[in-house]
Amino acid sequence: MRLMHRSSSHRWSQWTLNRAPWVLCGWILLTVVIRIAAPSWSDVAYDGDFEYLPDEMSSVAGGHLLDDAFPGDRSRSQIVLVLARDNAKFTKNDEIVGLDLLRRLYHRLAEVSWQRAFENGYRGGPPVEGAAWASWIQLTRDALDQSIAADELFYDLLDERVPDDAPTIYEPRMAIAHWDRGKLLEAWGESEESVGEDFEAALVLMPELPTIATDIKNRSLDPWKPLLDVLSWNDPVIGSRMRKEQSRLAILKLSSELAATGNIATVEAIHELTAEVLDYSTQFTEPGLELLTTGSAAIGGETLTAARDAIRYTEWITVAMILLILAAVYRAPLLVLIPMVSIGVAVLVSTSLVLLLTDWSITGIVPFLDIRIFTTSRIFIVVILFGAGTDYCLFLISRLREEAAKADWPEACENALTGVMGALLGSALTTVVGLAMLWIADFGKFHHTGPIVAICLLVGLLVCTTLTPAMLRLAGPAVFWPTKVKLVGPQPPSLLPLDRVNRRWIPAELWNWIALMLTRRPAATLGMGLLLLLIPAGFGFQHEDSVTYDLSSQLNHSAPSRRGLRLMQRHFDIGEITPVTVLLLRKEDTPRKEFEKQIQSLSEKIYTVQGVSTVRTAADPLGDFPPDRDMGLLSKDAWRRRALRNHRVAQQYFFSSLPKFENRLARLDVTIDGDPFSIDTANIVTKVGQFVEYQTGVEGSKWKDATVLLTGTTPSIIDLRSVTLRDNRKIKIAVVLAVFAVLVLVIRRVWLCIYLIITVLISYYATLGLTLLFFQRAYGDDFVGLDWKLPLFLFVILVAVGQDYNVYLVTRIVEEQRKMGWLAAIRKAVAKTGGIITACGLVMAATFFSMTASAWFPPIAAWLGLPATNSGPALRGIIELGFALGLGVLIDTFYVRTILVPSAVALFGRIATNERQTTDQPSAESPEV
């Protein structure tokens, strides 16, 4: 079998190197063609977390039900604008800033609602009951009315302080709002007098407006497209819940999921609008007024912005680090250029390939193909492909240096590729198979990301075993210039300088000494090595579940959304803006009056669940009137309750207008006074769900056999935690079994493969424990846990990638053992591979550590006076994962592979020898390891 394997490698080497010019031209042509054919990353990349939960999860099924019952009107996330003073009451002058904000926001709402009406078939006339566009064109009218009303109040408060600047369509008056309302009334067929009043007002405010204003259909409003509604403190009915003595709230309801890519542009547009408000209006009030954004969409948008910055930093820092390491290892220009060209081709071809496959999957060109990529997938492709690709090139070039000292160049190239082919294939397969096991995950991001990276790695392996040797073959011995290949034996590359007196490679002596020490006392070395690693591994095993699903904790305290969240929490209950939606769907219709009574009765029962703050229903849209509050007809708040019931939000929100849901679907909003991402809040929501579910199973209950679904931020977090914990368990088992199978196939020593798996598992837990300790100290009181994705990605990548160097070392031991005894084979393999594996480990660790660049590069760049490149806060999840992966690779490289693996091989070799001696075996050097 080994001869067959070597024969296949030899034939591959001959075929590749004999056609080196054609191989080079073929890769160049393929790179150009596939890059042109592939779509851009942003065109096909997906985002979000909750969108990729299994369909059977309550939050997902509830979301689908809301989409069906309230088509086009479902708010998936929101942005909250907080206007507040910390230590003083809101003043009359502060109202100027608030009204300036509202008049602009309501006008934006009118614009996007009008465009949405056109998209749903509006061609003119007033609203028609039942038409898909009716609610949107009515909302357009309402929003324009509110914009103009806020504008009039704003201008009244300015009094004599209007600046002398030339007027614009927004300043000092909303001339464009009057113009748009005139156009809308004209389309509705209103009287000429009504239309003329708005047009006249617009022309008085800005005479040149008709030549400036763009038709509503042609306005560029893409960042505002998700906007569904604006709820503010200025609303006469619901505004009281968003108004305090020191602060005001405005809530923007969005159709996009909180982590949707489009939220980046939406958040940036909001920041631009608020900057315009502050620039124009704060001159009329006293210092100390803050206007900040927060809410799920703001947090999600800033998280994606941070991820985008992290990807950009990672790519550039990775390239820079690899260039520096290659230059330090080889000090030969061509030996730096050839790996970089190879990796560049691998990245271009592999990413273009997965983009094409994703596009074909989305468009259905290839039936049954199910591939998706995500914005953050790119960071894994870059770091793993750059690290692994560089390692493959280093392995090949190291072997070529040895072979070139013993044969002419064509034969040396052929022998080098043949010699490392098995090791490269084995090390690559462990990574590919390990990552491919993510395919069994139920969570969509895990399910798709692993196989995508595995495909890219296969392309990288193909490039490094065809294009790289072809370029080396064509370049000739000149690749080592300015050094020359000496005929005194193999010379492995080194990160350390040459001994210029003896002209010898110092690392060779170092690794010879290490190999000698390890094989002299293998039992003591192994025992002490395992003991030292087991201490942090025990801590990591004990605290493996110390993770957080809090999306906001991924951003540092300086992030605008977190500052806004803190400002809002000082004045409002955060649960008010993140309610849990409870849906009950009956099989049969119920008369409306009876249905409303049953909903009211159920809401009163939900109030008995400990932790519930309010229950909002059509009868009590804001949850202002719990069961213990007296509300007679003569109560002073009775009028307000009636007004709330008739408010457009209540009319559209709690009951579906579709006949199949109208008297079957009950919708309630439950608010919890607590952080929607916290475990405590999740426990309360779980109890609410269990309580309502219990009502559907009680004999004689009005809700018997009804379907219960919970949706919202907290239910989504609960489902995400449930699915990912389940995925973690089965993926870890699958990865270990798959990598073990590859190791057995390559190494063919079952006991040794078991030991290698055990060492990498200990390495994983030790890395996790040390990472936890590091970030606990780094974040201090702000530490709430590692990012929830870190343990799984760390496990899969370390178990898969961490075996690369073990495979390379052990396959070299097996190769050398064919020519000498086990003890000499171990010593020679360790000495020959020590330098190159160390260099490879440093390359891989450097690429992973580059993921942390968004934390340290911007301050360094600022200190050096370089132009600012950071457009947002650093993303803690990527920083933590980059640190953990880099640390794990260093532990594998300098500890596991250097101490634990050689000492174990030596110990078992000695045991095998002793057993043979006791059974009268004559040779101590004969057994295979």
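This is a guided tour of the model, giving at each stop what to select and what is found there.

**Before starting**

The structure is a predicted model, in which local features need pLDDT of at least 70 and side-chain atom pairs count only at pLDDT 80 or more, while totals for chains, interfaces and linings use all residues. Residues are numbered from 1 along each chain as its sequence is written, and side-chain values use heavy atoms, with hydrogens and water left out.

**Confidence**

Colour the chain by pLDDT, the predictor's confidence in each residue, from 0 to 100. The chain has an average of 84, and 91% of the residues score at least 70. Helices (H or I, at least four residues) and strands (E, at least two) are DSSP runs, numbered from the N terminus. Next, select residues 1-5, where pLDDT stays under 50. Where pLDDT is low, the predicted coordinates should not be read in detail.

**Thr140**

Select Thr140, in helix α6 (residues 134-158). Thr140 is buried, because its relative accessibility is 0% (buried means under 20% relative accessible area, exposed over 50%, partly exposed in between, with a 1.4 Å probe and protein chains only). Leaving aside residues up to four places away in sequence, Thr140 touches Ala110, Ser113, Trp114 and Leu184 (contact means heavy atoms within 4.5 Å). A polar atom of the Thr140 side chain lies 3.1 Å from the backbone nitrogen of Trp114.

Pro172 is in the loop between α6 and α7 (175-188). The peptide bond from Glu171 to Pro172 is cis, with omega near 0°.

Move on to Phe368, in the loop between α12 (333-363) and β6 (373-374). Phi of Phe368 is near 70°, a positive value in a residue other than glycine. Phe368 is exposed, as its relative accessible area is 86%.

Asp705 sits in the loop between α23 (679-695) and β11 (707-711). Its phi is likewise positive, near 70°, and Asp705 is partly exposed at 46% relative accessibility.

**The second largest pocket**

On a 1 Å grid over the protein atoms alone, a pocket is an open set of points with protein on both sides within 12 Å along at least five of seven lines, a cavity is a set where a 1.4 Å probe fits but cannot get out, and lining residues have an atom within 4 Å of a point. Grid points are joined across faces, edges and corners, and a volume is the space filled by probe spheres set on the points.

The second largest pocket holds about 1000 Å³ of space. To find its centre, select Ser75, Gln78, Pro579, Thr581 and Tyr653, the closest of its 47 lining residues. Helix α4 gives the most to this lining, with six residues.

**The cavities**

The whole structure has seven cavities of 30 Å³ or more. The largest cavity has a volume of about 460 Å³. Of its 33 lining residues, Asp49, Thr376, Lys445, Lys789 and Leu875 are the closest to the centre. α11 supplies the largest share of this lining, four residues.

Finish at the second largest cavity, with about 90 Å³ of space. Among its 13 lining residues, Ile299, Leu565, Ile574, Pro676 and Phe677 lie nearest the centre.

Methods
Polar contact = N/O pair within 3.5 Å; in protein donor to acceptor, adjacent residues only side chain to side chain.
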